[in-house]
Amino acid sequence: MIVVTGGAGFIGGNFVLDWLAGRDEPVINLDKLTYAGNMETLATLRDDPRHIFVKGDIGDSALVGELLVRHQPRAIINFAAESHVDRSISSPEDFIQTNIVGTFRLLEAVRAYWNSLPSPASGRGAGGEGVDQAAFRFLHVSTDEVYGSLAPGEAAFTETHRYEPNSPYSASKAASDHLVRAYHHTYGLPVLTTNCSNNYGPCHFPEKLIPLMIVNALAGKPLPVYGDGMQVRDWLYVKDHCSAIRRVLEAGKSGEVYNVGGWNEKPNIAIVNIVCDLLDELRPRSDGKHYREQISYVKDRPGHDRRYAIDAGKIQRELGWTPAETFETGIRKTVLWYLAHAEWVAHVQSGVYRDWVDAHYAGVTAA
Ligand code: NAD
Ligand code: TYD
């Protein structure tokens, strides 16, 4: 049994689907269902007894504590967060509450649970009766944005790069990373932290660059490129991020940090052009024009980081993880997914999915 937090979001949702596609070990999915949580992503698991959904907040220590004692998970993977930089600029409060205070309260509940587990020396636990303290893991999912911005030509972020977060989002994630680290050093909690580059793929909320460009293009709307469009991001297909997390959970060393990335640095404008060209091929505009004509340069994001790049050498060397997709294969799969899931997009945009959630999960607050 594992607990996943934020498993109705983009990466957490993909993780839960992939996890249960590959193994029978059940998942407790604790998610507050903010605007970014979408049970429609998990619709295929609705009657699956291996997926136990709990609507709740990682900051609710009593709920989390009760869940842990009841289900005795061997691991917790913390995806839950406020994740959008632009929202963190216009309203940072939720980022402080969930990413910092929420992670702190989650860690407190996890620490109490972990202290209640048998030590390996007791002979109880991993032998079959359940998890022991040595086998337990808390895996914290974080971002490369905590490292700040790189100059052109500067070496990619390694795990020892200094923390220099620049947005309220990245500052809140940096604080959560520090808390996780402190709980290992101070209390001995067995933790793992992953810092990943920008993800893309199925079920991505269309406020982030790639899905926004796809849905706006198809709707005939402008494609807003911030500033000069030459900011660089390092892109990883979400399923590769999920496989990296599984690998770190399986073989990562307690207390260690692993950077995750696909060596795919690209300027934003190049990404937008690739999306436009794929749509020209797969769903040409009815007027015969090119989607690139919809590109519109707009005012830059305040404090916009110029470049992120991940050095994924450590996870490759020490854990043997490499991504399965190139950017070319991953972006094609992504565009095809959005073309095939117009209803998912329409529901997310219209708020219908919230009605769906309310109808199907109204009474679900505890497992
Ligand atoms: P998302 O915004 O799509 O999903 C976040 C999920 O967390 C949602 O389902 C939401 O309902 C849930 N949630 C929010 N606050 C909660 C709370 N207080 N308690 C319980 N659930 C709560 O985010 P994502 O893109 O899937 O990112 C997941 C994690 O991965 C985040 O921690 C993020 O910082 C990290 N990350 C994201 C990227 C990326 O490119 N998207 C890259 C690296 C790391
Ligand atoms: P985003 O998907 O918000 O991820 P992050 O800010 O966490 O990297 O943005 C990716 C890049 O795309 C970032 O440099 C901002 C830029 N961007 C645009 O140019 N236009 C947009 O409409 C959005 C949402 C992002």
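This is a predicted model: local features need pLDDT of at least 70, side-chain atom pairs count only at pLDDT 80 or more; totals for chains, interfaces and linings use all residues.
Modeller: The expected span of a helix is 1.5 Å times one less than its number of residues.

Biologist: What makes the span of α4 close to the one expected?

Modeller: Helix α4, residues 93-116, has 24 residues. At 1.5 Å a residue the expected value is 34 Å, and α4 reaches 33 Å from its first C-alpha to its last.

Biologist: Where does α4 bend, and by how much?

Modeller: At Gly102, by about 35°. That is the angle between axes fitted to the seven residues ending at the bend and the seven starting there.

Biologist: Which residues of α4 are called buried?

Modeller: Gly102 is one of them. The others include Phe95, Thr98, Asn99, Leu106, Val110 and Trp114. Buried means under 20% relative accessible area, so each of these falls below that cut-off.

Biologist: What about Arg233 and Leu209?

Modeller: Arg233 uses a polar side-chain atom, 2.8 Å from a ligand 2 oxygen. Leu209 uses a polar backbone atom, at 2.9 Å. Both values are within 3.5 Å, so both are polar contacts.

Biologist: How much of ligand 2 does the protein bury?

Modeller: Taken alone, ligand 2 exposes 510 Å², and the protein buries 96% of that.

Biologist: What makes up the shell around ligand 2?

Modeller: The shell divides into 7 nonpolar, 4 polar and 5 charged residues. α6 (209-218) and β8 (223-226) each supply at least two.

Methods: Residues are numbered from 1 along each chain as its sequence is written. Chains are lettered from A and ligands numbered from 1 in the order in which they are written. Side-chain values use heavy atoms; hydrogens and water are left out. A polar contact is a pair of N or O atoms within 3.5 Å; within protein, one must be able to donate a hydrogen and the other to accept it, and residues adjacent in sequence count only if both atoms are side-chain atoms. Accessible areas come from the Shrake-Rupley method with a 1.4 Å probe; for residues, only the protein chains shown count as cover. Helices (H or I, at least four residues) and strands (E, at least two) are DSSP runs, numbered from the N terminus. Ala, Val, Leu, Ile, Met, Phe, Trp, Tyr, Cys and Pro count as nonpolar, Asp, Glu, Lys and Arg as charged, and the others, Gly among them, as polar. Buried means under 20% relative accessible area, exposed over 50%, partly exposed in between (1.4 Å probe, protein chains only).
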